[in-house]
Amino acid sequence: MESNLNKVLSMNRQQLSGQLYKYTNVVKGWQYRWFSVDAQGGLLSYYLCEPTGEDSNAHIVGSAPRGQVHLAGAVICPSDEDSKTFTVNCASGDMLKLRAVDARARQEWVDGLRAVVESHSNATGTALPPREQLAAHDAFGAARQQLQHTELSNAALARAIENLNGPLASTDPDLLVLKALSAATTHSLLQCLGLLQRHQELVPDPRLEQSF
């Protein structure tokens, strides 16, 4: 609701901008980025930065954002793997896996981002009732996390096949098919999840239809 957004904006704005770890990929792992939220525009941007002990003294590298996502229809989910990590699952299918400095900072980010998401979802007429919205957040977040674990397993499988020294060679046709199917299936599931999320955001609220 708009009142929630105004409440967040009137509070300490550090929960809407600051340094976070961003998970890049299996090779590069976690990297520091400076994140900033344009609450009115519904945009989350991140920049290259040099990590410091204080957010207010962070040195941002360059003026253009390294990346930017729209928050309308996004699902913000705390991770169950620890007390600092959370994910931003966008309606476009993009996903950001982020880590705050501590549990309190994570909660501030989650509350602030959810308020922005709620405001912009309401503006487009796609918001669910609060209880159903929370259930959708949890469901999509849990599915996304399971697919993340699957991606890691696929990477481990690919490495194991490439490093084979036994009677089977890494170029064995059956193993190549297995590796390709595993990666393709996971990619398809991620696309399906993105489509389901966008569909859920576009379904009109039946209570609004009944009011006409």
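A word on conventions. Residues are numbered from 1 along each chain as its sequence is written, and side-chain values use heavy atoms, with hydrogens and water left out. Since the model is predicted, local features need pLDDT of at least 70 and side-chain atom pairs count only at pLDDT 80 or more, while totals for chains, interfaces and linings use all residues.

The overall layout comes to five helices and eight strands. Both are DSSP runs numbered from the N terminus, helices being H or I with at least four residues and strands E with at least two. Starting at the N terminus, the order is α-β-β-β-β-β-β-β-β-α-α-α-α. Of the 212 residues, 39% count as buried. Buried means under 20% relative accessible area, exposed means over 50%, and partly exposed is in between, with a 1.4 Å probe and protein chains only. For contacts between residues at least 6 apart in sequence, 53% join residues at least 24 apart; a contact here is heavy atoms within 4.5 Å.

Now the rings. A search of the whole structure gives three aromatic pairs. Rings of Phe, Tyr and Trp (its six-membered ring) pair if their centres lie within 6.5 Å; planes under 30 degrees apart are stacked, over 60 edge-to-face, and the rest tilted. One of the pairs is Tyr21 with Tyr32. Why is this pair stacked? The ring centres are 4.3 Å apart and the planes stand at 25 degrees, so the pair falls in the stacked class. Tyr21 is in strand S1 (residues 17-25) and Tyr32 in strand S2 (residues 29-38), so the pair ties together parts 11 residues apart in sequence. Tyr21 is partly exposed at 31% relative accessibility, and Tyr32 is partly exposed too, at 22%.

Next, charges over rings. The criterion is NZ of Lys or CZ of Arg within 6 Å of the ring centre and within 35 degrees of the ring normal. The charged end of Lys97 sits over the ring of Tyr23, 5.3 Å from its centre. Arg99 lies over the face of Trp30, with 4.0 Å to the ring centre.

Lys97 and Arg99 come up again in the salt bridges. A salt bridge is a side-chain nitrogen of Lys or Arg within 4 Å of a carboxyl oxygen of Asp or Glu, and the whole structure has five of them.

Which residues are linked in a network of salt bridges? They are Glu81, Asp82, Lys97 and Arg99. Within it, Glu81 and Lys97 meet at 3.3 Å, N to O. This pair links distant parts of the chain, with Glu81 in the loop between strand S6 (75-78) and strand S7 (85-89), and Lys97 in strand S8 (residues 95-99), 16 residues apart. Glu81 is partly exposed at 39%, whereas Lys97 is buried at 13%. Arg99 also bridges to Glu81, with the closest N and O atoms 4.0 Å apart. Arg99 belongs to strand S8 and is 18 residues from Glu81. Arg99 is partly exposed, at 22% relative accessible area.

Another bridge joins Arg104 and Glu108, at 3.8 Å, N to O. The two are four residues apart in helix H2 (residues 103-123), so about one helical turn separates them. Arg104 is exposed at 66%, and Glu108 is partly exposed at 31%.
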